[in-house]
Amino acid sequence: MECGMAATTSTGNSAGNFLNKVRGYKSGNILIVFVAIQIVAICASLIFPEQFRYLSSSNLQVIFRAIPTLGIIALGVNLLMITGEFDLSVGSTFALASIIMAKLFNGGMPLPLAILIALIVGILVGAINGFATVKSNVPSFIITMGAMWFWRGIVLLISQSSNEPFHPGALMEMLFVASVGPFQVQFFWFMAVGFASWLFLERHRMGNQFFAVGGNKSAAKALGINTDRTKMLGFMILGGLAAFSGIISATRVNDVSPIQGEGLELQAIAACVIGGTALMGGRGTVLGAFLGAALLYTIQDVLLLLRAPGFYLKLFVGLIIIVAAILNEMLRKK
Amino acid sequence: MSDEKPFIELRGITKCYGDTIKALDDISFNIKPREIIGLVGDNGAGKSTLIKVISGAHQPTSGKIYVNGKETRFTSSKVAMDVGVETIYQDMNLIDCMDIMRNIFCGREDTTKAGFLNLKKMREKAMHLLQNEVTIEGIRSPNQLVGNLSGGQKQAVAIARAMFFKKQVLLLDEPTSALSVRETQAFLDHITKLRDDGMSVVLVTHNIYHAYQVADRFFLLSHGKCVLDVKKKDTDIEELTKIIVAH
C-alpha cells in the first residue's frame, strides 16, 4: 500500500507510522474517518456543552438506539454484497416479519413461537429471492426490486394499512431494548451479530467461499464451489437479519407500522458502500459495514444537534455516499 | 514417456453444441502416467472443448471416459478433481481479491470439524509450498493479494495449487499466452519438473515451439478430428508445422 502522506504531517513520525499501520488494515481508512469525526464531535460538545449536546445521555441513548436497526441489516447486506448480489426487499422483509409476529402474538400465539415464525418468514423471503435470482440469471437488483413492492403489498394487505400495536411484555423488552447505562441492549445485539458475521466471513469456510463466489464466480465454480447455494445462503442470512431487526424495532416502539422500513434497503447499501464493500462483490469487511452504519447515523445526529434544517440531512448523506464510493475506488486502484 | 497403461482414456468422444456445431468428432485420446502431451491445433480445432470434457466442465454428447480402465462419468468439475484432474484455464481461476494462501486452498479449505479455517496451518503449508516447491520470483508471503501479481506469478500460484493437492493430471489451457518470455521459460521448466515428479500434463497451445520444447507426445486436432498422434522421437518441428498448416 502506498504510504507517505500521513507520515509527513507535523504530528511526528511515530504518529504517522501508526496511522499508516492502521490504514494498512482492510477497513483502516473508514476507522480513521470514524474516529476523527468522533473526536471532533466530542471536543465540540466538551467546549460547547449547552449548544452542542452530543455527549448528553439523552443523545447517546438516541444514537445507541437508532444505529442497531440499520446496522444489523447492513451487516447482512454486507455479506450478500460480498457474494456479488443485492437485496432491495430487506425493508419490506423487515416490516413483513414484524407485522406477522405482532398479528400472531395479538391473536393469542405464545411470544417465542411468534418470534420464531417471524425469523422463519425472513429467511424464507431471502430464500425465495435467492432462488429466483440464481435460477433465472436475472440480476438480483431487478428480482428484489419486484420483491420489495410485492412484500410491501402483502404487508399492507395483512395490516389493512393500519398500525398494529405490539406489547410483548417486560421480559422481551429487557432482552431487546432495555437501557444499560448510556447503552441499549439492542446495541449489544448489534455487536454480537457483528462478531458472529466476522467469525463467519473471516474464519469460516463458508465465508471464505462468499468472497470467492463474489470475487470470481466462474473460478469459484471451477474450484468445485456450489455458487448457487452460496448465494442462496447469503440471501437467507440477510432475510433472517432483516426479520431480527424488525422484531427489535417493533419491541422498541411497541407498534408496527405498515410503512416501516421503507428506504432501509438503500440506507443499508449506503452504509456498506461507505464502509468499503464493493458493489461488484468479492470485497467488504464487517468492521466497514459496522462503522458505515454508525457513521451514517452519527452524521445525521450531528446535523440534528446543530439544528440544521431537514434538507441538509439528505444533502449531506447523499454527498457522503458519493465521496466515500469515489475514495474507496481510488484506494482500491492503489 | 512410457508405454504404461493410460491413466485416463477417452473413447469415441463427440461433443455437439446445438444441432449444427460438432466441436469434437469421435475423438479417442489417452493420458499415460508421467508424460507431457502437447495438444495442438489452430483456433477452433476443438482443443478447449476437449480440455473441458476431460475437466468435467462440459459433458460429451457421446463417448466414454475411463479412469484406470474403469468407466467414469465426468458429470462435474468436482468429479474430475476428485479422480485427480486439475485444470488451469487461460484466466487461471484465481480470485484477485483474495490472498495467495486463500486462493491455494479455495474450495478445499483446511478446517476444523465445525468448518472454521485452520489459518495458521494453511499459511504454513502455503509458505512451505512457495519456498520449496514452486519458487515464485517476487513473492515474499502467502498473504499477498493475487490481484497485485504479474501474469507469470499468477500462473505459478495456480500451479502451486495443483501441486499441493497432488493431482495426477494437470490440464493447461493456453498457459503461456499472458506470460513474458522469461516467465514462459520458468513456466516450461516447472512443468518438466512436474512430469519428473510423476504428474502428467496436457498442454494446450497454438505455439508449437513451446509445446515442442517440453512435450513427449503431440496430439493434433483439426475441425474436431484427430489428425495426428505422434511421439516426439518420431517427428520433428518441421513436420509438425507442415501438418498444422496443411490442416
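**Entry 1: A:S179**

I started at A:S179 and set aside its neighbours within four places in sequence; the contacts I found are A:Q61 and A:Q184. I note here that the model is predicted. A:S179 sits in strand 2 of chain A, residues 179-180. Is A:S179 buried or exposed? I counted 12 other C-beta atoms within 10 Å, and exposed means 12 or fewer, so A:S179 is exposed. I also checked A:S179 against A:R65: the two are 114 residues apart along the chain, and their C-alpha atoms are separated by 9.2 Å.

**Entry 2: A:F316**

Next I went to A:F316, in helix 14 of chain A, residues 310-333. With neighbours within four places in sequence left out, A:F316 is in contact with A:I299 and A:L303. I found 16 other C-beta atoms within 10 Å of A:F316. That count falls between the cut-offs of 12 and 20, so A:F316 is partly exposed. A:F316 and A:R53 are 263 residues apart in sequence, and their C-alpha atoms are 20 Å apart in space.

**Entry 3: the domains of chain A**

I looked up the domain assignment of chain A, which gives domain 1 as 1-52 and domain 2 as 56-333. Their C-alpha centres lie 28 Å apart. How many residues does each domain bring to the contact? Domain 1 of chain A gives nine and domain 2 of chain A gives 14. I sorted the domain 1 side of chain A by type: six residues are nonpolar, two are polar and one is charged.

**Entry 4: where the chains touch**

I then turned to the contact between the chains. It takes 20 residues from chain B and 16 residues from chain A. Which element of chain B gives the largest share of its side? It is helix 2 of chain B, residues 77-83, with three residues. I sorted the chain B side too, and it divides into 10 nonpolar, six polar and four charged residues.

**Entry 5: chain B overall**

I counted eight helices and 10 strands in chain B. Its C-alpha trace spans about 50 × 40 × 35 Å along the principal axes. I compared its radius of gyration with that of a compact globule: for 247 residues the globule would be near 18 Å, and chain B has 18 Å, which agrees. Of the 247 residues in chain B, 43% are buried. I also checked contacts in chain B between residues at least 6 apart in sequence; 67% of them join residues at least 24 apart.

**Entry 6: the four-stranded sheet of chain B**

I traced an open sheet of four strands in chain B, in the order 2-1-4-5, with antiparallel pairing. Which strands are at its edges? They are strand 2 (21-31) and strand 5 (70-71) of chain B, and each pairs on one side only.

I followed strand 1 into strand 2 of chain B. Seven bridges join these antiparallel strands, and B:I13 stands opposite B:I27 in strand 2. The two strands form a hairpin with three residues between them. In that turn, B:G18 has a positive phi of about 70°.

At the other end, two bridges join strand 4 (residues 62-67) of chain B to strand 5 of chain B, again antiparallel. The bridge partner of B:Y66 there is B:E71. I also found helix 1 (residues 47-54) of chain B lying across strand 1 (8-17) and strand 2, at about 60° to strand 2.

**Entry 7: the six-stranded sheet of chain B**

I read the order of this open sheet as 6-7-8-3-9-10, with mixed pairing. Strand 6 (85-88) and strand 10 (225-231) of chain B each have a single partner strand, so one side of each is left without a neighbour in the sheet. Neighbouring strands are turned by 15° against each other on average, direction ignored.

I checked one pair closely. Strand 3 (residues 36-40) and strand 9 (residues 217-222) of chain B pair in the parallel sense over four bridges. B:I37 stands opposite B:R217 in strand 9.

What packs on this sheet? Helix 1 of chain B does, touching strand 3, strand 6, strand 7 (169-173), strand 8 (200-204) and strand 9 of chain B. Its direction makes about 150° with that of strand 7 of chain B. Helix 8 (residues 237-246) of chain B also packs on the sheet, touching strand 3, strand 9 and strand 10 of chain B. I read about 15° between the directions of helix 8 and strand 9 of chain B.

How values were computed: Residues numbered from 1 in each chain as written. Chains lettered and ligands numbered in written order. Predicted model: local features only at pLDDT ≥ 70, side-chain atom pairs only at ≥ 80, totals over all residues. Pairing = 2+ DSSP bridges. Contact = placed C-beta atoms within 7 Å. Axes fitted to C-alpha atoms, helices over the stretch in contact; angles between N-to-C directions. Rg over C-alpha atoms; globule rule 2.2 N^0.38 Å. Domains from an automatic or database assignment. Nonpolar A, V, L, I, M, F, W, Y, C, P; charged D, E, K, R; others polar.
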